[in-house]
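Thanks for coming. Please have a look at the sequence and the model on the screen, and then I will go through a few of its parts.

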Amino acid sequence: MKKEDFRQAVLEGIPDELPEYKPYDQNINHAPRRKDILSKEEKKLALRNALRYFDKKHHKLLAGEFAKELELYGRIYMYRFRPDYVISARSIDDFPHNSRHAAAIMLMLSNNLDNAIAQHPHELITYGGNGSVFQNWAQYRLTMKYLAEMNDEQTLVLYSGHPVGLFPSHKDAPRVVVTNGMMIPNYSGKDDYERFNALGVTQYGQMTAGSFMYIGPQGIVHGTTITVLNAGRLTLKEGETDISGKVFVTSGLGGMSGAQPKATVIAGGICVVAEVNPKATQKRYQQGWVDEVYEDLDALVARLKKAKENKEAVSMAYQGNVVDLWEKFVDEGIRVDLGSDQTSLHNPYSGGYYPAGLDLDEADRMMAEDPEKFREKVQESLKRQVNAINAMVERGMFFWDYGNAFLLESSRAGADILKADKSFKYPSYVESIMGPMFFDYGFGPFRWVCTSNDPEDLEATDRIALEILEEIAETAPDEIQGQLQDNIHWIREAGRNKLVVGSQARILYADAEGRIKIARAFNRAIREGRISRPVVLGRDHHDVSGTDSPYRETSNIYDGSKYTADMAVQNVIGDAFRGATWVSLHNGGGVGWGEVINGGFGMVLDGTEEADRRLEMMLHWDVNNGIARRSWARNRGATWAIKREMERTPGLNVTLPNIADDDVIDDVIQ
C-alpha cells in the first residue's frame, strides 16, 4: 500500500460501508478460546455494547457476526474491521497527523501490534496471553483516526481501549491519558476480568501493551541479562570468575519470556528453555533469539552435556512441556545451576500455562469446554514441576521466582512450595537481586525509540548513551559502580547482539542522573540534526516507582505497604503534570489481574527547549518518587540514594525513617 493510501485508510476510521469479511487466518498465532462465562442476558448486553460503534444500518448483519465470534472465541474481536495495511512502526512521517507528538504515539501503538512483535496480533494482544492494546478493531480504528486529527491543545482519553474522545486541554497536558482495568476493588477477581472483558467494558493492558510502550523481547532482555549475571555470581565457587558453563533452565518463549535465551548467551551461560507452542518457538528461532531447537529429550541431553563440557554460550529450546524437561533432567542426573519459570502464570487457566500430559490443541479445547478439569490439570502439573525443582535445589541449584506468579499459583495448587511458617521456599528475583541491587538505588529499565525507524539513528543514540555512562562512572561512588559497569557493558554489546524486533528501540538500566543526562543529550542531538527525527522516551513499568506489586516489583518492601498502591498512582499523576506526552494506569501486570497496579509514561523529545524543561522535571520525579517510598520502608540502599539526591537537588526534602532497635520492640511485644 502506498503512503497516501495508508494515510487515507487511517483517516477513514470506522468506514461507513462495511469492509469485506476477513476469514480466520490459520497462519497467525491466535489467542485461545476464552471460557463461556456470560449468561444469555449478558451475551445480549455484549452485543449491544459492540454495536455502539456502528451505524444502525449495519446492526443486523454485524449482530449475527459478533454473536458467532462470541460463541467461537469467547470475545468479540470484530475481525472484519482489521485493516488491510501492514501494521508496523513506520517512520513518524508516514502517519497522518496535525500533532507531531500524536504521530509518535501512533507509531508506538502500531509497533505493539506488529506481527513480529505481538503474541496474538489479530486479537490485538501483545504478550502475556491477554495483554491487550485494544479490545477490538473498532477501537483501534477510531483511536488512530483521533490521533491523526488531534492538535497539541487536545487530549485523547482511553478507557480500557475505548476512545472516549478528544477533549480541549493545553500544550503542557498529556496528549493521551490511558487507563486499563480500573475496577472497583471488590470486582477485581479473575472471573470478574473474564466477564467484564467479554462484555467489552474493560481490558487487561499488561504493563506495556496497553500503554503502547512494548518494544519486543529486547524490553526485558537487559533486565534478564542483569538477573542471570547476578544470580550466576551468587553460585560462583572459588576460582570461578564468570558463569561460563553454568546452565539456566526455564520456560516460555512467547512474549516477555522470549528474552531468556538471548540474555543468558549475552551473560555467557547456557540456557535451556521449554515452549509448548511451536509457532512461538519458530518465531524466536527465526529471529535469532534462540540458537537451537530440539523435540527429542535424549538429543537435548546429549547436546547439553557437550555444551557444558566446552563451556559454550548457547541457547536451546525444547519443543514440549517444561515439566517433562525438568523431570528428564532429574532422572538423568543433569546438574542445573540456575532455575526459574516465565510462563504467564498470572493467567494460569486461560492460556498462560499449559499442563503436562496434554498437547496444545487438547489443552485449548479443555480450557474452553471443561474449565474445571483444565484447572485440575494445571494444578497437577504445577505440583510435578515444583517436585522436580525441589529435587534440583537439593542438588545445589539456585531457583528464583521471575515475578510471573509461579510461587503464588503453585501454592494455590497445593504444591510443596511453602516453608513451615507459610512463606515461600524461594525468593522473588526482586527480593534477592533486582530490588536491593538496582531498584533501591534508582536503576531501572529506561528505554527509547527512534521515530525515524532508521538504524543509523539508533546507532547514534547508543554512542551517546555510552559516552554519558562512561562520564558518570568516572566520579560515581562505589555503591553504584557495579550497576554502572554492567550497563556500560550492555550498551557496548547491544548493537552487535541484534536485539531490534519491530521499532528501532533500545533499553538501558539507568538511574535518574543517567536518564536525565542521556535524554538531554538526545534532545540536543535532535536539535543539531545528528539524530534525524524525534525520540520517544519511556520505560517498562517494571521499574523503581512505576509499579506496586507485592509479589514482584515491591516484594522487597517489608513495612507492610507492599499491598498498597499509592506509589504507582502518585507516579502517574506526577508524570502527567510534569511533562509526559502520555500516561497510563493499569490494574494488572506480569503477576496478574487484581495483584498489581502499575503506571507508565511516554515522552517525545523533539529537539525543543520545551522538551529540555519537561524531561528534567518528569524524569527526576519518575525515579525519585520510588526511591523515597523505598527509603521510608527502611531499605538501606534507597535511604543512601535519596540522601545523595537531596544533597544535589534544591527543593527536594524527603521524610527519612528513624530505625528502631529490635530490642526496644522485643521488650514491649512478648
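One definition before the helix packing: axes here are lines fitted to C-alpha atoms, for helices over the stretch in contact, and angles run from 0 to 180 degrees between N-to-C directions. Also, please keep in mind that this is a predicted model.

With that, take helix H16, residues 455-475, and helix H18, residues 512-527: they pack at an angle of about 140 degrees, and their axes are 10 Å apart. Roughly antiparallel would need an angle over 145 degrees, so H16 counts as oblique to H18. The crossing of H16 past H18 is right-handed. On the H16 side, the contact is made by Thr 461, Ile 464, Ala 465, Ile 468, Leu 469 and Ile 472. H18 contributes Glu 513, Gly 514, Lys 517, Ile 518, Ala 521, Phe 522 and Ala 525.

The second pair is helix H11, residues 322-332, with helix H13, residues 371-394. Their packing angle is about 30 degrees and their axes lie 9 Å apart. Angles under 35 degrees count as roughly parallel, and therefore H11 is roughly parallel to H13. H11 passes H13 in a left-handed crossing. Residues in this contact include Trp 326 and Phe 329 of H11, and Arg 384 and Met 392 of H13.

Next, the sheet. In what order do the six strands of the open sheet come? The order is E8-E9-E7-E6-E10-E11, and the pairing is parallel. Strand E8 (292-294) and strand E11 (398-399) are at the edges with a single partner strand each, so one side of each has no neighbour in the sheet. Within the sheet, strand E6 (residues 247-251) runs parallel to strand E7 (residues 270-275), and five bridges join them. Ser 251 has Ala 274 in E7 as its bridge partner.

Now helix H4, residues 100-112. At 1.5 Å a residue, its 13 residues should span 18 Å, and its end C-alpha atoms are 19 Å apart, which agrees. Is H4 enclosed or open to the outside? Twelve of its 13 residues are buried, so H4 is largely enclosed by the rest of the structure. Among the buried ones are His 101, Met 106, Met 108 and Asn 112.

Last, a loop residue. Lys 498 sits in the loop between helix H17 (481-494) and strand E13 (505-510). Its relative accessible area is 68%, and exposed means over 50%, so Lys 498 is exposed. From Lys 498 to Gly 288 is 210 residues in sequence, but 8.2 Å in space, C-alpha to C-alpha.

Methods
Residues numbered from 1 in each chain as written. Predicted model: local features only at pLDDT ≥ 70, side-chain atom pairs only at ≥ 80, totals over all residues. Heavy atoms only, no water. Helix = DSSP H or I, 4+ residues; strand = E, 2+ residues; numbered from the N terminus. Expected span 1.5 Å × (residues − 1). Buried < 20%, exposed > 50% of the residue type's maximum accessible area, 1.4 Å probe, protein only. Pairing = 2+ DSSP bridges. Parallel < 35°, antiparallel > 145°, perpendicular 65-115°, else oblique. Left-handed = near helix turned anticlockwise from the far one by under 90°. Contact = heavy atoms within 4.5 Å.
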